[in-house]
Amino acid sequence: MRALVALCALALASPGLAGDRAPWRAVDAETGQIRDIDGLDQLARDFPDSGSVRLRLLQPLIAAGEVEKVLATLEWLYDRGYVFSDAAQAQIPKLLEGIDAGRIAERLIAEAEVIEASEIIAILPAEAGLTESVVKDPRTDTLAVTSQSGNSIWQYTSPDELGQSDFGEGHSFSGIVYFPVLDQLWASVSSVPNPFNAEQTAAGLMSLCLELECSRQVIVIHSEAKSMNDLVAATDGTLYASDSVGGGVYRLENGAKSLEPVVPPGTFRSPQGLAVSADGVRLYVSDYRYGIAIVELATGEVSRLTSDIPLMLDGVDGLWRHDNELIAVQNGTSPMRISAFMLSEDGNRVVGHRILEQAHSEWTEPLSGSIDEGALIYIGNGQWDRFVDGRLADGKQALPTEIRRLPLGPAPY
């Protein structure tokens, strides 16, 4: 039985030098088309903490009759807490006909351990649509929530104090941060008019002024950006944003009038959450299918965050640094979970792990948010399954948005 804080461990330092870094293999859409065993084996060696890659290996291994490798892959997933769906648990033994059922069963976790530690602190009406992220504005204690489908920012102070700033078509908002250096809210925005190409839309960052009769909005785009997603504000006055479709990472320096690439497209497949290191010299970037990368901000050099303990570091949507831990919303794993990864002193490795919340009975899909006063504020019922290209799918209805608060607590290492 896993303990409530689950998978909490410390590991001895790696035998290599403290400054050793694992290389990051560049990935793109073509990487996702690799189907042969040799190619996937190599991909698994390049990304040894990716559950997505291991799952891709299963089908060709089963088709090739590589029974021992199948069992080894199932064991790898088991050791990292992966839970197959009921349908998959029934199908896998059939695909491995002739293999002792006990050998298979001991490598399949029957059901996920439920860990529920958050509470609902706000509910937005269904009209908010496809919401993506939330931050508390410390100037007003108001929650600001981005809507991708509604071209709007919603503000919640109490059930009786609820407002909406509608920016009109062409403002698909995603990430949002409070930027103390400029005392402003900034959001990532996509689908805005592209002054460089009238036939295409653009993506970038936008400062937000949500008061009535306010015209201080500033928008900064990059011609190559496809869909700006998460963003983070560094203490030196720089904003960093990920392009989850184009694959790049961009920055907007304090006072600059244009975005510049930190990591060019073609390095990541789908960069999502971002976190700045405590010393401000590195950026942690979650690639949804392959793991967590480390970007040296001075040079743009990219390496891979490794783990001293059995973990899956992929499937990460939101990512934040809290003290010496990375807080990760892993909605691309099974079960979905919110994890805390303790970093080594050099920041290159994960040496401890806590599961803060997992398989919550009221989740649909936990999404992004922000850290406020020792807690993660996040959207607990993401609705990506109800929307297509920012519009409600046929036969679907939008749900009210549930905003949850999860205390992070001190790391018990």
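How many helices and strands are there in the chain? There are 5 helices and 28 strands, where helices (H or I, at least four residues) and strands (E, at least two) are DSSP runs numbered from the N terminus.

**Figure 1. Overview of the predicted chain.** The model is predicted, so local features need pLDDT of at least 70 and side-chain atom pairs count only at pLDDT 80 or more, whereas totals for chains, interfaces and linings use all residues. Residues are numbered from 1 along each chain as its sequence is written, and side-chain values use heavy atoms, with hydrogens and water left out. The C-alpha trace spans about 70 × 50 × 45 Å along its principal axes.

**Figure 2. The contact of helix H1 with helix H2.** The axes of H1 (residues 37-46) and H2 come within 10 Å and cross at roughly 160°; axes are lines fitted to C-alpha atoms, for helices over the stretch in contact, and angles run from 0 to 180 degrees between N-to-C directions. H1 is therefore roughly antiparallel to H2, a term for angles over 145 degrees. The crossing is left-handed, that is, the near helix is turned anticlockwise from the far one by less than a right angle. Ile37, Leu40, Asp41, Leu43 and Ala44 of H1 meet Val53, Arg54, Arg56, Leu57, Pro60 and Leu61 of H2, contact meaning heavy atoms within 4.5 Å. By class, this contact has 8 nonpolar, no polar and 3 charged residues. Ala, Val, Leu, Ile, Met, Phe, Trp, Tyr, Cys and Pro count as nonpolar, Asp, Glu, Lys and Arg as charged, and the others, Gly among them, as polar.

**Figure 3. The contact of helix H2 with helix H3.** H2 (residues 51-63) and H3 (residues 67-79) have axes that come within 9 Å and cross at roughly 155°. That angle makes H2 roughly antiparallel to H3. Their crossing is left-handed. On H2, the residues Gly51, Arg54, Leu55, Leu58, Leu61 and Ile62 meet Lys69, Val70, Thr73, Leu74, Trp76 and Leu77 on H3. The residues of this contact divide into 8 nonpolar, 2 polar and 2 charged.

**Figure 4. An open sheet of 5 strands.** The strand order is E1-E18-E17-E16-E15, with antiparallel pairing; two strands pair if DSSP finds at least two bridges between them. The edge strands, E1 (22-23) and E15 (271-276), each pair on one side only. E1 is joined to the antiparallel strand E18 (residues 302-304) by 2 bridges, and Pro23 has Ser303 of E18 as its bridge partner.

**Figure 5. An open sheet of 4 strands.** The order is E11-E12-E13-E14, and the pairing is antiparallel. E11 (228-233) and E14 (260-263) stand at the edges with a single partner strand each, so one side of each is left without a neighbour in the sheet. From one strand to the next, the twist averages 30°. Between E13 (residues 249-252) and E14, which run antiparallel, there are 3 bridges; Tyr250 stands opposite Pro261 in E14.

Figure 6. Most residues other than glycine have a negative phi, and most peptide bonds are trans.

Technical notes
Angles under 35 degrees count as roughly parallel, over 145 as roughly antiparallel, 65 to 115 as roughly perpendicular and the rest as oblique.
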